[in-house]
Amino acid sequence: MSNQIQKHRKKLSIGSIVVYSFLCIASILSLFPFYWMFVMATRPSAAYNTIPPTLTPGNMLVENFNKVLNQIDFFGGMWNSFVLCVVVTIVVLFISSLAGFAFAKFKFPGKNILFVAILVTMIIPPQLGLIPQYFLISKAGLLDSLPGVMILFFLNPLGIFLMRQYISGAVPDELIEAAKLDGCSNFRIYWRIVLPIILPAFATLGIIVFTAVWGEFLWQFTVLRDPDSYTIQVALAQLSNTNNIDFGMILSGVFWATVPLLIIFLLFNRLFISSITEGSVKS
């Protein structure tokens, strides 16, 4: 019996070693592009095309970043992107959680059809709606403004789907019925009962929305033409509008533009992981 236990522990330890080795390798591969970007941000432009590639940091990080500051309004673009992402994230969380609550806990005619219609929009390429969306924003007088960029992101089908799924499993129907018996309105039930329960899902969806909007380029580039309203993605695109492309300068700007995303994830990673592990336990 003891021999069987020892064999089982041996197999388990070997399996664990394989799993952890795979995770370590995957983590290194995932982090390598960011590290390489940092290395290139500290090197001259000629280091970009060297063979074998340069893998050690240089001493030109400040110099390359000063070049970025001389070419574009970097901090102005960062501020515009931050305002854009924060406003969009807050509105998406509010709309998606309300819609998810309605789809999860209420019965009304055409609910399933409407939910499927919302999900179908996820498979439509955003490029197909670029021209009519631009026409509508132009008619509304919102070109060259952050509200003109924001309004397109407010309705998030993925957010509605995630919130609907999370609320269905995390919020008991008995709790909703008890609140109704106590005379609570639907919005008060959402605000007082549902909202505190779904905070981990808020963190997950918030990180997804914030990073997606921060990295989006096509719509922002289409709407924004005034340099004062440029987001960081549009501003960085101006660095490559010259014949002599300085890769060290460009990657320096990209590196510092990526840092806020890392900060956001580090601030909310505990809630992010909590939502994932909670969902796995419930499943």
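My entries follow, by topic.

**Ground rules.** I am working on a predicted model, where local features need pLDDT of at least 70 and side-chain atom pairs count only at pLDDT 80 or more, while totals for chains, interfaces and linings use all residues. Residues are numbered from 1 along each chain as its sequence is written, and side-chain values use heavy atoms, with hydrogens and water left out.

**Helix packing.** I looked up α8 (residues 173–181) against α9 (residues 186–197). Helices here are DSSP runs (H or I, at least four residues), numbered from the N terminus. The two pack at about 145°, with axes 10 Å apart. Axes are lines fitted to C-alpha atoms over the stretch in contact, and angles run from 0 to 180 degrees between N-to-C directions. I logged the crossing of α8 and α9 as right-handed, that is, the near helix is turned clockwise from the far one by less than a right angle.

From α8, the contact takes Leu175, Ile176, Ala179 and Lys180. From α9 come Asn186, Ile189, Ile193, Val194 and Ile197. Contact means heavy atoms within 4.5 Å. By class I noted 7 nonpolar, 1 polar and 1 charged residues. In this scheme Ala, Val, Leu, Ile, Met, Phe, Trp, Tyr, Cys and Pro are nonpolar, Asp, Glu, Lys and Arg are charged, and the others, Gly among them, are polar.

I then checked lysine 180, which is found in helix α8. Lysine 180 is partly exposed at 33% relative accessible area. The classes are buried under 20%, exposed over 50% and partly exposed in between (1.4 Å probe, protein chains only). Not counting residues up to four places away in sequence, lysine 180 touches Phe106, Asn186 and Ile189.

**Rings.** How many aromatic pairs are there? I logged 18. The rule takes rings of Phe, Tyr and Trp (its six-membered ring) with centres within 6.5 Å; planes under 30 degrees apart are stacked, over 60 edge-to-face, and the rest tilted.

Phenylalanine 38 and phenylalanine 255 have ring centres 5.2 Å apart and planes at 50°, so I filed the pair as tilted. Phenylalanine 38 lies in helix α1 (residues 2–41) and phenylalanine 255 in helix α13 (residues 247–282), 217 residues apart. Phenylalanine 38 is partly exposed at 23%, and phenylalanine 255 is buried at 8%.

Phenylalanine 65 and tryptophan 256 also form a tilted pair, with centres 5.8 Å apart and planes at 55°. This pair joins helix α2 (residues 61–71) to helix α13 across 191 residues. Phenylalanine 65 is buried at 15%, while tryptophan 256 is partly exposed at 31%. Ring pairs link Phe34, Phe38, Phe65, Phe74, Phe75, Phe255 and Trp256 into a cluster.

**Charge over ring.** The charged end of arginine 164 sits over the ring of phenylalanine 115, 4.9 Å from its centre. The test asks for NZ of Lys or CZ of Arg within 6 Å of the ring centre and within 35 degrees of the ring normal. Arginine 225 lies over the face of phenylalanine 221, at 5.0 Å from the ring centre.

**Lysine 67.** I placed lysine 67 in helix α2. Lysine 67 is partly exposed at 28%. Beyond its neighbours within four places in sequence, lysine 67 contacts Asp246 and Met249.

**Aspartate 144.** Aspartate 144 sits in the loop between α5 (130–139) and α6 (146–150). Its phi is near 60°, a positive value in a residue other than glycine. Most residues other than glycine have a negative phi. Aspartate 144 is partly exposed at 34%.
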